[in-house]
Amino acid sequence: MDRLTIGAFARAARLSAKALRRYDELGLLTPASVDPYTGYRYYETAQLERARLVAWLRRIGMPTARIREVGELYGPDPAAAARAVREYWARVEAETSARRDLALFLADQLIQQSEDSMTMTSPTIRFAARTDRGLVREAHQDAAYAGERLLAVADGYGARGAHAGAAAIDALKALAGSPAEVRAGDLLNALEDAVHRADTVIGGLDGSGTTLTAMVWSGSRLALVHIGDTRAHLLRDGELFRITHDHTVVQSMIDAGSLTEDEAASHPERAMLLKALDGGRGGARPDLRLCEARPGDRYLLCSDGLFTVVAQSEVRRVLATAADPDGAVDELIGLALSAGGPDNIACAVADVETAPAGGPVTTGA
């Protein structure tokens with residue numbers, strides 16, 4: 001079998017000998033043989049494709065451990081390697097989007113500070129929340145909360161799932177009592193700390209856990225925390241947007257292009273979570289982002305007991321036509337029950353309105 005010196009192999013792969021030595025040290029591309037006396041590395045021509053693959057993956061910023069996984073898949077199953085690359089990049093795009101939003105808000109905050117214009121108008125928030133056991137499940141493990149500065153839903157699972165969901169929301173309630181105007185970075189830090197505290201508590205509930213999607217308002221901004229498959233939607237200018245990304249097996253398959261949204265609805269693993277609050281060894285890794293709340297916005301947080309049985313078009317219709325959050329919540333839960341109510345239902349809705357001059361920051365409805 002043909003062997004190439006490290007120099008010849010580097011030229012053929014259009015890489016440097018230094019890069020090849022580094023790939024060897026990282027375990028990404030092991031030479032075919034190493035001279036026991038000189039330590040000189042030799043490669044087989046068949047390794048050229050692997051070397052180019054490693055170089056491409058390094059170029060897109062893939063971590064070493066992930067490159068090793070893709071490399072192990074590449075030989076026996078190139079299609080699986082391709083799916084792994086797509087899944088990685090979908091995650092990068094989601095994380096980049098969240099970091100972009102945070103960067104824009106921080107830049108805006110710095111400009112406001114430099115211009116000494118921190119007297120932004122705080123909106124009025126009207127809100128409502130309700131849960132329902134549904135028509136099939138014996139246990140009720142969903143939770144929802146709506147307050148002057150906090151909107152949250154949780155979907156518990158396991159023997160003590162109801163306690164897990166309640167613990168997650170309770171950990172966030174303390175944030176509702178913090179000053180109404182909080183720096184963007186401080187708000188996200190406080191939100192992340194609260195989630196980690198909840199995760200620690202939930203870790204003692206004998207294998208039970210919960211999903212969580214919540215919003216905390218600070219002035220005209222809101223901080224969003226999300227883990228699992230509860231969802232947040234935004235109705236703005238008549239258009240409905242989902243602003244969370246499910247942490248599920250089927251969502252990762254959709255991201256990789258191996259499953260369509262329609263196929264996901266009936267997939268046997270559609271409820272299998274990749275992330276949740278369960279006190280796991282790795283700790284909670286929720287999505288965190290900042291959004292700008294505009295007058296006229298209507299936000300919906302809900303569990304899968306709603307969105308898996310009520311069509312997106314019907315959700316948009318209700319949010320666009322209901323007179324107030326109470327009416328929207330009641331109608332959405334009614335639709336889920338009319339569709340058979342196969343699961344617990346949690347639903348919370350908030351409207352953003354322009355605050356009257358000298359009026360309160362937030363009001364409940």
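Is Pro63 buried, partly exposed or exposed? Pro63 counts as partly exposed, because its relative accessibility is 42%, where buried means under 20% relative accessible area, exposed means over 50%, and partly exposed lies in between (1.4 Å probe, protein chains only).

Good morning, colleagues. The model is predicted, so local features need pLDDT of at least 70 and side-chain atom pairs count only at pLDDT 80 or more, whereas totals for chains, interfaces and linings use all residues. Residues are numbered from 1 along each chain as its sequence is written, and side-chain values use heavy atoms, with hydrogens and water left out.

Let us begin with the chain as a whole. Its secondary structure comes to 12 helices and 13 strands; these are DSSP runs numbered from the N terminus, helices being H or I with at least four residues and strands being E with at least two. Of the 365 residues, 46% count as buried. The chain exposes about 17800 Å², and carbon and sulfur atoms supply 51% of that area; accessible areas come from the Shrake-Rupley method with a 1.4 Å probe, and for residues only the protein chains shown count as cover. Contact means heavy atoms within 4.5 Å. Among contacts between residues at least 6 apart in sequence, 67% join residues at least 24 apart.

I turn now to helix packing. Two packed helices are described by the angle between their axes and the distance between the axes. The axes are lines fitted to C-alpha atoms, for helices over the stretch in contact, and the angles run from 0 to 180 degrees between N-to-C directions.

Helix α3, residues 48-59, packs with helix α4, residues 64-74, at an angle of about 145 degrees, and their axes are 10 Å apart. In passing α4, α3 makes a right-handed crossing; a crossing is left-handed if the near helix is turned anticlockwise from the far one by less than a right angle, and right-handed if clockwise. On the α3 side, the contact is made by Glu49, Arg50, Leu53, Val54, Leu57 and Arg58, and on the α4 side by Thr64, Ile67, Val70, Gly71 and Tyr74. Sorted by class, this contact has 6 nonpolar, 2 polar and 3 charged residues. Here Ala, Val, Leu, Ile, Met, Phe, Trp, Tyr, Cys and Pro count as nonpolar, Asp, Glu, Lys and Arg as charged, and the others, Gly among them, as polar.

Which helix packs with α3 at an angle of about 65 degrees? The partner is helix α1, residues 6-13, and the axes of this pair are 10 Å apart. The crossing of α1 and α3 is right-handed. Phe9, Ala12 and Ala13 of α1 meet Leu48, Ala51 and Arg52 of α3. This contact has 5 nonpolar, no polar and 1 charged residues.

Pro63 and Tyr88 are 25 residues apart in sequence, yet 9.9 Å apart in space, C-alpha to C-alpha.

A pair of aromatic rings is described by the distance of the centres and the angle of the planes. Rings of Phe, Tyr and Trp (its six-membered ring) pair if their centres lie within 6.5 Å; planes under 30 degrees apart count as stacked, over 60 as edge-to-face and the rest as tilted. By this rule there are 4 aromatic pairs. Why is the pair of Tyr40 and Tyr42 edge-to-face? Their ring centres are 5.9 Å apart and their planes stand at 70 degrees, so the pair is given that name. Tyr40 is partly exposed at a relative accessible area of 40%, and Tyr42 is partly exposed at 27%. Tyr88 and Trp89 form a tilted pair, with 6.4 Å centre to centre and 55 degrees between the planes. Tyr88 counts as buried, because its relative accessibility is 8%, whereas Trp89 is partly exposed at 38%.

Next, the backbone. Most residues other than glycine have a negative phi, and most peptide bonds are trans. Arg14, however, has a positive phi near 60 degrees. Arg14 is found in the loop between α1 and α2 (17-25) and is exposed, with a relative accessible area of 77%. Asp237 also has a positive phi, of about 55 degrees. Its place is in the loop between β9 (231-236) and β10 (239-242), and Asp237 counts as exposed at 72% relative accessibility.

Finally, consider Leu335 in helix α12, residues 325-338. Leu335 is partly exposed, with a relative accessible area of 23%. Not counting residues up to four places away in sequence, Leu335 touches Val310, Glu314, Arg317 and Val318. Leu335 and Val318 are 17 residues apart in sequence and 9.8 Å apart in space, C-alpha to C-alpha.
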